[in-house]
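Open the structure in your viewer and keep the selection tool ready. The tour goes from the whole chain to single residues.

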Amino acid sequence: MDLIQMDKRLDSTEQVVEEIMRIHRSLPPRPGIDEVEAAKGLIDNVEKEDQACLEAIAKQRKSSEVPGELLMVLQEMKKGYVQFRSKEQKREASKLLDLESIHALFDDFIQRASNCIASPSSNGSVSSRPPLAPATTTTAVRSDSQSSLNFSEKAPVRPKDMVSRDDSFVVTKAKPSLYSDGFAAPRKPPQILDSTLTAGKFAGNDGEKLSLIKLASLIEVSAKKATPEINLQNKLTDQVEWLPDSLGKLSSLTSLDLSENHIVVLPNTIGGLSSLTKLDLHSNRIGQLPESIGELLNLVYLNLGSNQLSLLPSAFSRLVRLEELDLSCNNLPILPESIGSLVSLKKLDVETNDIEEIPYSIGGCSSLKELRADYNKLKALPEAIGKITTLEILSVRYNNIRQLPTTMSSLANLKELDVSFNELESVPESLCFATTLVKLNIGNNFADMISLPRSIGNLEMLEELDISNNQIRVLPDSFKMLTKLRVFRAQENPLQVPPRDIAEKGPQAVVQYMNDLVETRNAKSLMVKPKKSWVQMCFFSKSNKRKQSSMEIV
């Protein structure tokens with residue numbers, strides 16, 4: 001009430017003008033056009049979502065075992081929650097629109113006040129404004145020490161429309177003002193030259209996170225400025241669980257990072273991001289992807305890790321330019337057959353899911369270099385894995401794999417293989433034809449792996465080998481050929497050849513021991529004279545008997 005000052009006596013035009021401008025300046029800054037558009041769009045989005053939720057609630061059916069009254073209580077509670085959430089989501093947008101409305105109303109009042117000052121009064125006399133000299137006009141001047149309008153007689157100089165939203169001389173004014181020459185400034189749409197809606201400022205550089213309305217405003221501004229990149233990693237408030245439909249306006253956007261927020265659902269309009277090459281959505285709560293994600297035909301990098309996905313849309317197969325795909329830490333029970341359509345895919349991470357089988361179509365990923373499927377429920381790898389001749393890294397730790405496919409001999413570029421913490425009983429000899437292997441981990445298998453393949457020495461490029469926590473007693477003779485081995489883990493094995501003390505000296509000590517052992521064995525074999533076979537001895541015995549019998553006859 002202090003602002004309005006109900007009982008204040010107004011004795012002059014200057015006092016009235018001063019009071020009008022003081023009240024006008026007391027308003028918060030007027031929202032920009034982009035903010036207003038964003039608020040309207042946001043409210044439309046919320047109302048559409050509410051309608052869809054209410055329709056879904058109304059369609060909910062019960063079994064004969066559920067009392068009708070109980071279902072009705074549940075439906076009413078759901079409706080009440082939808083309405084409550086709707087008010088929360090629309091609150092800030094509604095407040096912004098209310099602010100715009102009061103500014104528009106005050107604009108009309110300012111225009112009327114300007115007309116009163118500029119025009120003669122209705123009774124034919126001039127208004128009570130101080131008289132001006134014929135050759136002069138008054139100019140409104142803002143003083144730092146005085147908040148009222150001052151009228152001074154100066155040379156006729158028309159201001160250049162440099163009036164800000166708070167009546168300071170900063171940017172083009174968004175509302176009519178009282179000019180000193182008696183004319184009202186023309187109505188103009190808000191022009192925020194020094195915009196506060198830039199992507200950098202809205203991304204919360206000052207530590208403040210974005211609400212839904214601020215996010216919507218950012219999208220509007222970014223769409224008009226054709227912003228190429230937006231990074232909102234951990235920048236949204238916890239209440240932002242969905243994205244405005246206006247997201248689809250960002251057709252020039254190439255990189256979007258919305259990771260580490262609380263997003264639950266993506267809008268169907270996401271398909272409008274036709275220029276997008278990088279999309280990072282990791283560490284959210286997304287449970288389902290819209291089919292429109294298949295319209296992101298230029299997408300190269302997609303990170304959906306640490307969400308709640310249980311299914312991938314069929315449109316995924318259209319992402320033929322995709323090179324990196326992260327689906328780790330979700331709830332996926334299977335990979336769709338369409339995964340084989342991603343012919344440009346170079347890196348696929350599906351670790352920490354519930355996947356029991358990798359589809360045979362994986363062989364169609366002809367550019368794949370890295371496949372990580374740790375912490376799943378795999379019981380085997382498909383034979384088609386051998387078709388991916390570009391594969392360099394294969395990691396399937398912590399699964400239930402019992403044997404490896406023989407086709408792995410075709411993996412001519414394989415450098416790292418990790419099948420630790422599985423149920424392997426043996427390693428196929430065919431693996432030793434993957435002679436590019438540099439790292440091999442077959443440790444901690446819970447079956448009785450008692451030996452290594454005899455031809456393991458073919459892996460002459462091998463630098464790291466882990467066979468720990470198995471039942472291996474003897475290393476094969478070809479082990480001596482692993483001359484590049486620099487890391488060898490064999491603890492918790494009942495090793496006899498080489499002895500444990502040799503194994504503890506390091507990989508090259510083991511290689512040397514096996515080399516010396518083989519050479520010693522070969523040397524001993526040459527020194528031992530060959531013995532007659534059993535067949536030869538029998539023949540010799542029969543020959544002697546014949547000779548003796550012939551002598552007796554003679």
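The stops below each give a selection and then what is found there.

**Whole protein.** Start with everything shown, and keep in mind that this is a predicted model. The protein has eight helices and 16 strands. Of its 554 residues, 42% are buried. Among contacts with a separation of 6 or more, 41% are between residues 24 or more positions apart.

**The nonpolar core.** Select Leu 325, Leu 417, Leu 475 and Phe 479, which have the most contacts inside the largest nonpolar core, a set of 101 residues. The elements that give two or more residues to this core are helix 2 (33–59), helix 3 (68–118), helix 5 (212–225), helix 6 (500–503) and helix 7 (507–527).

Which residues is Leu 475 in contact with, leaving aside its neighbours within four places in sequence? They are Leu 452, Ile 467, Phe 488, Leu 495, Val 497, Pro 498, Val 510 and Met 514.

**Helix 2.** Select residues 33–59, which form helix 2. This helix has 27 residues and reaches 39 Å from its first C-alpha to its last, close to the 39 Å expected at 1.5 Å a residue. Colour its buried residues, among them Asp 34, Glu 35, Val 36, Leu 42, Asn 45, Asp 50 and Ile 57.

**The largest cavity.** A search of the whole structure finds three cavities of 30 Å³ or more. The largest cavity holds about 50 Å³ of space. To see its lining, select Leu 215, Leu 218, Ile 219, Ile 230, Leu 232, Leu 243, Leu 247, Leu 250, Leu 256 and Leu 258. How many of the lining residues are nonpolar, polar and charged? The lining has 10 nonpolar residues, no polar ones and no charged ones. Helix 5 gives the most to this lining, with three residues.

**The loop between strand 16 and helix 6.** Go to Pro 498, which lies in the loop between strand 16 (487–489) and helix 6. A cis peptide bond joins Val 497 and Pro 498, with omega about 0 degrees. Glu 492 is found in this loop between strand 16 and helix 6 too. Glu 492 is not a glycine, yet has a positive phi of about 60 degrees. With a relative accessible area of 55%, Glu 492 is exposed.

**Thr 352.** Finish in the loop between strand 10 (347–349) and strand 11 (370–372), and select Thr 352. Thr 352 has a positive phi of about 60 degrees, although it is not a glycine. Is Thr 352 buried, partly exposed or exposed? Thr 352 is partly exposed, with a relative accessible area of 34%.

Methods
Residues are numbered from 1 along each chain as its sequence is written. This is a predicted model: local features need pLDDT of at least 70, side-chain atom pairs count only at pLDDT 80 or more; totals for chains, interfaces and linings use all residues. Side-chain values use heavy atoms; hydrogens and water are left out. A nonpolar core is a set of buried Ala, Val, Leu, Ile, Met, Phe, Trp, Tyr and Cys residues joined through side-chain atoms within 4.5 Å. Buried means under 20% relative accessible area, exposed over 50%, partly exposed in between (1.4 Å probe, protein chains only). Helices (H or I, at least four residues) and strands (E, at least two) are DSSP runs, numbered from the N terminus. Contact means heavy atoms within 4.5 Å. The expected span of a helix is 1.5 Å times one less than its number of residues. On a 1 Å grid over the protein atoms alone, a cavity is a set of points where a 1.4 Å probe fits but cannot get out, and a pocket is an open set with protein on both sides within 12 Å along at least five of seven lines; lining residues have an atom within 4 Å of a point. Grid points are joined across faces, edges and corners, and a volume is the space filled by probe spheres set on the points. Ala, Val, Leu, Ile, Met, Phe, Trp, Tyr, Cys and Pro count as nonpolar, Asp, Glu, Lys and Arg as charged, and the others, Gly among them, as polar.
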